[in-house]
Every structure is written in C-alpha cells, then in structure tokens.
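Visitor: I am new to this structure and would like to learn how to read it. Please take me through a few features, one at a time.

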Amino acid sequence: MSGIGTGYDLYPTTFSPDGRIFQVEYAHKAVENSSTAIGLCCKDGVVFGVEKIILSKMLVEGTNRRVFSVGEHIGIATAGLTADGRRIVQNARQEAKNYENFTSDIIPIHVLTERLSIYVQVFTLYNYIRPFGCSLMIGSYDEEKGPSLYCIEPDSVALGFYGCAIGKGKQEAKTEISKLKLSEMTCKDAVKEIAKILIKTVHDETKEKEMELEMSWICKETKGKHKLVPKKLIEEAVEWVKGQENEED
Amino acid sequence: MFDLEKEFLYDLNKEVKTGTTVMAVTFKDGVIIAADSRTSSGSYAVNRVTDKLTPVHDQIYCLRSGSAADTQIISSYVSYYTNMFSIEEGSQPTVKKAAHMFREFLYQNKQYLHAAIICAGWDPIDGGSVYSLPLGGSIVKQPFATGGSGSTYLYGYCDMNFKENMTEEEAEKFVTYGITEAIARDGGSGGIVRKAIIDKNGVRRKTVYGNKLKKFWEK
C-alpha cells in the first residue's frame, strides 16, 4: 500500500528527501483522531475543557480522565492516545516533585514545560521507541505573573498560547476562540464559552455518540490550585448553551 | 616522656579543618557576613589568610566551617545548580532556594560529611536572609547566625548586642567586634577579619587587618 511517505516512514530515524520525519507526522494524526480539548487564558486564571465521547452506557461518569494535576498548581489536559498522555504526566509529576524537594520552591510552569518538551523530543530520535501520540496543554495561574498556557505537540514543539485547541475539532474551535475577548473574560464566563464551543461547534450529534464535559481550572478563586470545575457550574453552562440554541432558533 | 612523633608530628597528618569563626547578620538593607582567616591542620596554620566567604551566586554567599574539603565541594555543587536554575528560569535565585539545596546535600550525605554552612544573601523577594545549616543537615532561618569553633565565645555577645533593623554601620561593628573577640579567645580562629556587605546593589568586600583589630580587655 503506497502512501505519502512510502519508504521513508518506517522509523523516526529517517528523514524524507523533503526534510520531514514521517513517523512524527503520523503521531500528529493520532492526536487528530481524538476528541477535542480546549484551554483558555482568562483575566483571572486558566480553564480547560475536554469533549469526552461516552463509549458505553456502562461507563461510570468521570472515568477516563483527560485532565490531570501536576503538583497543586499546574493542570495538564491531553488529546490523542490517553495512555501516552498519562505517561508524560507521570514524568511531569516526578519532575515537579524532584524540583520541590531540591529547592523547596514549586516548579515554575515554563521550567516544567521546557523539561517535558525535552523528554518528548527524546522519543523522536530512536528507531526502537516510538514518538508519543498525544498533545498536552499545560496551564497554571500565578498572582504576579498571571495565567500561563503552553501546548506541547508530538514533535516536542512547546508554544505559549492565550487560547488553544487540540484534537479532532481544533480548527473550528480555534476559529471560535479567536472571536473571544480573552483578556476581559473571567473564568466563570470561560466555562460557559468552552461548553458552547465543545457542545455546539465541535461535537457532531448526528455522527457521534453522546458526550461528557470534563472541565478544570486554575484561577484566583481556587487560590492558584488546579481543581475540577464544580459539577453545578458545568450543568449551568450546559443549560446556558441549550438556552442559546433556543434563542437562535 | 615527650614523644616528638606522637605529640607534634601527628598533628600534621590530621584532616585540614577550618577551626573557625563565621558570622552573618541581617540589617535594614541586606546582610553582612564576616569570618576569620585561619585554616588549621591540628596546631599548624595551613593558611593564615583564608577566604571563607564563598560566593554561590551574584548576591548569595556561604560561610564554611568544618572540613575544608567537604564544604568546598558542596558549595561548588550548589553554585553550579543555582546558576543552572537561574538561567533556566530567567530570574535571580532566592537565598531560600540556595539554602535548601545546601540542606539536600548536607542531609543526604550526612554519614560522610563534617560540614556546617551559613548561607546568607539578598534577593528581591525576601530581602536579606540568613540560613543556618548545622552539622546534621537541618535548616533554620535566623536574623543572625554564628558558626565554627569560635562561635561558642560569641553567644553572650550576640544575644546582648543584636538589634533588629540595624544600620549598615551598626551591623558592621557588630560582626567585626564579634570576630575580633572570637579570634582573641579561640585558638582555632585567627588572622584577619574578612567582611562582605550584600544588599540590593551587590556585594562590597572589606578586610580588617590584624594590627587594626580593636583590642578588648587585654593585659
């Protein structure tokens, strides 16, 4: 079967004649197959939202987590192969703990991002270990520095964002995000906006099964700690989105 | 009977220790650190002009007492890590961070080490800070700290004369007289008094030579 990279795409140790590493690009495809995750930097914090497709009615709610805490002050949202995401989060937790033990200070988010980026890059060098098939959004909030959001892709590029989306619907989500005035938005508003983008824009009710919203935030209200958004707020946001739909009709 | 080898030459094979007096005190604008200058091997002064004020970072110094080898190697490790972290993070390291790194090394290797450190300096977040790290690897933040064999003669002096928020002159007098007194009383301390004043503008080093040391009660 011939495809785009035939012959040059067996191992990450081979460049193609036009300078691409196909295995890493295929890893990106794994991310694009997964459901969408969004991260927004607001006035007073960072909010994550993940569209979780409910695979079976037998699954307990809240299972199959896609957002994780690293230390108390950093949150990570994943898209792509969840198991790969969990592996990187384990590494992140180790880094954060070692840093804290050694220096008695909590790890700054840009230091953690840098180290995770280096870690992910290592797996793009050898032919006996495969690249990670997941993207991560890393967020934190600090009283002095304000909110920070970074995104690491399978090729280990880590960029800072005001608003970011990863996964299947990232293009549509990014378009919607660019319409928002993030610097004036509070986290509570962001919860509603993210719910709206995930439910209306990204999720296709006809094609896919039901979805569950998993949202978390690090903000002034949580005193800089990464917590899941309270269920009540998520339910209110979903109600609000439904109300919006009715208005438009 | 006096056995030359046993009594005298044996001393020369002893480990080099800094029988020492070191002091660090916080004042209004920062910290002042001071030390004597004697490194002894038994009763032989290996170095009578030692510099025990060791820089760890631009505005963080450490005062070393105990085994000279142990303290030198640990302070170069901590200096390496503080430099690495400050480049990685893009900001000046706090004295707290450096002091806690010292603690990690001292505690985790306590079986092998004979080292006590005072870590003092200035950073924009906490201002002037002094951390005392005694032999076992514990860490205590204090307004002032003393260390070394000569420090035993200074407990009374410090308790009586220390005040919070001293001016630079008062604080300089405080440490200079302290080291002078310890040099007079402690056999393991001697030589000159080396000082460093660390505040937001950086580090200023000063020395008081032997003949300029004030003479307290002496016949």
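Guide: Keep in mind that this is a predicted model. Start with A:S156, which is buried because its relative accessible area is 10%, and under 20% counts as buried.

Visitor: Where is A:S156 placed in chain A?

Guide: A:S156 lies in the loop that joins β6 (146–152) to β7 (158–160) of chain A.

Visitor: What is the phi of A:S156?

Guide: The phi of A:S156 is positive, about 75°, although the residue is not a glycine.

Visitor: Which loop holds A:K223?

Guide: A:K223 sits between β9 (211–219) and β10 (226–228) of chain A. This residue is not a glycine either, yet A:K223 has a positive phi of about 60°.

Visitor: Is A:K223 buried or exposed?

Guide: Exposed: the relative accessibility of A:K223 is 73%, and the cut-off for exposed is over 50%.

Visitor: Next, helix packing. At what angle do α2 and α3 of chain A pack?

Guide: Helix α2 (residues 82–103) of chain A packs against helix α3 (residues 109–122) of chain A at about 135°, and their axes are 10 Å apart. That angle makes α2(A) oblique to α3(A), because only angles over 145 degrees count as roughly antiparallel and 65 to 115 as roughly perpendicular. The crossing of α2(A) past α3(A) is right-handed.

Visitor: Which residues of α2(A) and α3(A) meet?

Guide: From α2(A) come A:R87, A:I88, A:N91, A:A92, A:E95 and A:Y99. On the side of α3(A) they meet A:V111, A:L112, A:R115, A:L116, A:Y119 and A:V120. Sorted by class, this contact has eight nonpolar residues, one polar residue and three charged residues.

Visitor: Now a whole chain. How many helices and strands does chain B have?

Guide: Chain B has five helices and 13 strands.

Visitor: What does the radius of gyration say about chain B?

Guide: The value for chain B is 17 Å. For 219 residues a compact globule would have a radius of gyration near 17 Å, so chain B agrees with that expectation. Along the principal axes, the C-alpha trace of chain B spans about 65 × 40 × 25 Å.

Visitor: What share of chain B counts as buried?

Guide: Of its 219 residues, 51% count as buried.

Visitor: And what part of the contacts in chain B joins residues 24 or more positions apart?

Guide: Such pairs make up 62% of the chain B contacts that have a separation of 6 or more.

How values were computed. Residues numbered from 1 in each chain as written. Chains lettered and ligands numbered in written order. Predicted model: local features only at pLDDT ≥ 70, side-chain atom pairs only at ≥ 80, totals over all residues. Heavy atoms only, no water. Axes fitted to C-alpha atoms, helices over the stretch in contact; angles between N-to-C directions. Helix = DSSP H or I, 4+ residues; strand = E, 2+ residues; numbered from the N terminus. Parallel < 35°, antiparallel > 145°, perpendicular 65-115°, else oblique. Left-handed = near helix turned anticlockwise from the far one by under 90°. Contact = heavy atoms within 4.5 Å. Nonpolar A, V, L, I, M, F, W, Y, C, P; charged D, E, K, R; others polar. Buried < 20%, exposed > 50% of the residue type's maximum accessible area, 1.4 Å probe, protein only. Rg over C-alpha atoms; globule rule 2.2 N^0.38 Å.
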